[in-house]
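Here are some friendly notes to read with the model open beside you. Take the points in order, and look for each piece as it comes up.

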Amino acid sequence: MMKYEGMDAFRFSISWSRILPYGKVSKGINQQGITFYKNLIDELIANGIIPTVTLFHWDVPQALEDEYQGFLSPLIVDDFRDYADLCFREFGEKVKLFTSINEPWTFASKGYDSGDFAPGRCSPFMNSAIGCLGGDSATEPYIVAHHILLAHAAAARLYKQKYQAIQKEEIGIVLVSHWFEPYSSTQEDRKAAQQAIDFMLGWALHPLTYGDYPKSMRSLVGERLPKFTPDQSEMLHL
């Protein structure tokens, strides 16, 4: 159907737990999952469609949620890097573009602020309709986004150092944002529009460009916003 419609590329997501049922390379690889994605990639190429792979689209392996609460823990960074390494090794020769993580803002805000998306965490007053599974909307979204950025940076650095010279492909991240215009030309409205952009797009893009969060986030969120070490800042904007 995609070939008939004239599509020349297809972006799809790999399910982390489909190839690593327990979330960690050290605990075993599901070869059937590897074969499934290799067959998909081959079929796309055979039909003139360029495969573009997203490594994480909000499906943390349950084993890692149970062990250390997934992206709430810095332990996720190494496990994600190892998972990415496996994907680069198994699929990289035929994949033109890898994206590490899909829409960090959506995952952090919907999963840990409003609780609408998995894992459904939020403060009790935020979403009484669904009944969040614990959480703190004032802190957890910032912690999760912080670890997402570090996981992306670790995977991107690994790819550039170990695979890019051989495979000659690219790696990036998928960001999402609304756009905001000031209600009027007053300084207050212009500042409000910029802060809205900072808190949605700048939340990830600013660290990836400059190695730290926007100044408005630092000012308004205060100590609830995690800090990058100098080494982490350097890794982020390589």
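Which residue of β2 does S13 stand opposite? Keep that in mind as you read; point 2 gives the reply.

1. **What you are looking at.** Please remember that this is a predicted model. The protein chain is divided into domain 1, covering 2-176, and domain 2, covering 183-237. Their C-alpha centres lie 23 Å apart. The two domains also touch: 18 residues of domain 1 are in contact with 19 residues of domain 2.

2. **The sheet.** Start with the four strands, which form an open sheet in the order β1-β2-β3-β4, with parallel pairing. At the edges stand β1 (9-13) and β4, each with a single partner strand, so one side of each is left without a neighbour in the sheet. On average, neighbouring strands of this sheet are turned by 25° against each other, direction ignored. As for the opening question, S13 stands opposite T54 in β2. Altogether, β1 and β2 run parallel and are joined by five bridges.

3. **Buried or exposed strands?** How many of the residues of β2 are buried? Six of the seven are, so β2 is largely enclosed by the rest of the structure. For strand β3 (residues 97-102), five of the six residues are buried, so β3 too is largely enclosed by the rest of the structure.

4. **A closer look at R11.** This residue has its place in strand β1.

5. What does α6 lie across? Helix α6 lies across β3 and β4, and runs at about 170° to β4.

6. **Where α4 meets α6.** Two packed helices are described by the angle between their axes and the distance between the axes. The axes of helix α4 (residues 75-91) and helix α6 (residues 140-162) come within 9 Å and cross at roughly 35°. This crossing of α4 and α6 is right-handed. On the α4 side, the residues are I76, V77, F80, R81, A84, D85 and F88, and they meet H147, L150, A151, A154, A155, L158, Y159 and K162 in α6. The residues of this contact divide into 11 nonpolar, one polar and three charged.

7. **Where α6 meets α8.** The axes of α6 and α8 come within 10 Å and cross at roughly 35°. Here too, α6 passes α8 in a right-handed crossing. From α6, the contact uses P141, Y142, A145, L149 and H152, and from α8 it uses F199, W203, A204, P207 and L208. Nine of the residues in this contact of α6 with α8 are nonpolar, one is polar and none is charged.

8. **A covered helix.** Finally, find helix α5 (residues 104-112), which is mostly covered, with seven of its nine residues buried. Which residues of α5 are buried? They are P104, T106, F107, A108, S109, G111 and Y112. What covers these buried residues includes β2, α3 (62-68), β3, α6, β4 and α8 (187-210).

Terms used: Residues numbered from 1 in each chain as written. Predicted model: local features only at pLDDT ≥ 70, side-chain atom pairs only at ≥ 80, totals over all residues. Heavy atoms only, no water. Buried < 20%, exposed > 50% of the residue type's maximum accessible area, 1.4 Å probe, protein only. Helix = DSSP H or I, 4+ residues; strand = E, 2+ residues; numbered from the N terminus. Axes fitted to C-alpha atoms, helices over the stretch in contact; angles between N-to-C directions. Left-handed = near helix turned anticlockwise from the far one by under 90°. Contact = heavy atoms within 4.5 Å. Nonpolar A, V, L, I, M, F, W, Y, C, P; charged D, E, K, R; others polar. Pairing = 2+ DSSP bridges. Domains from an automatic or database assignment.
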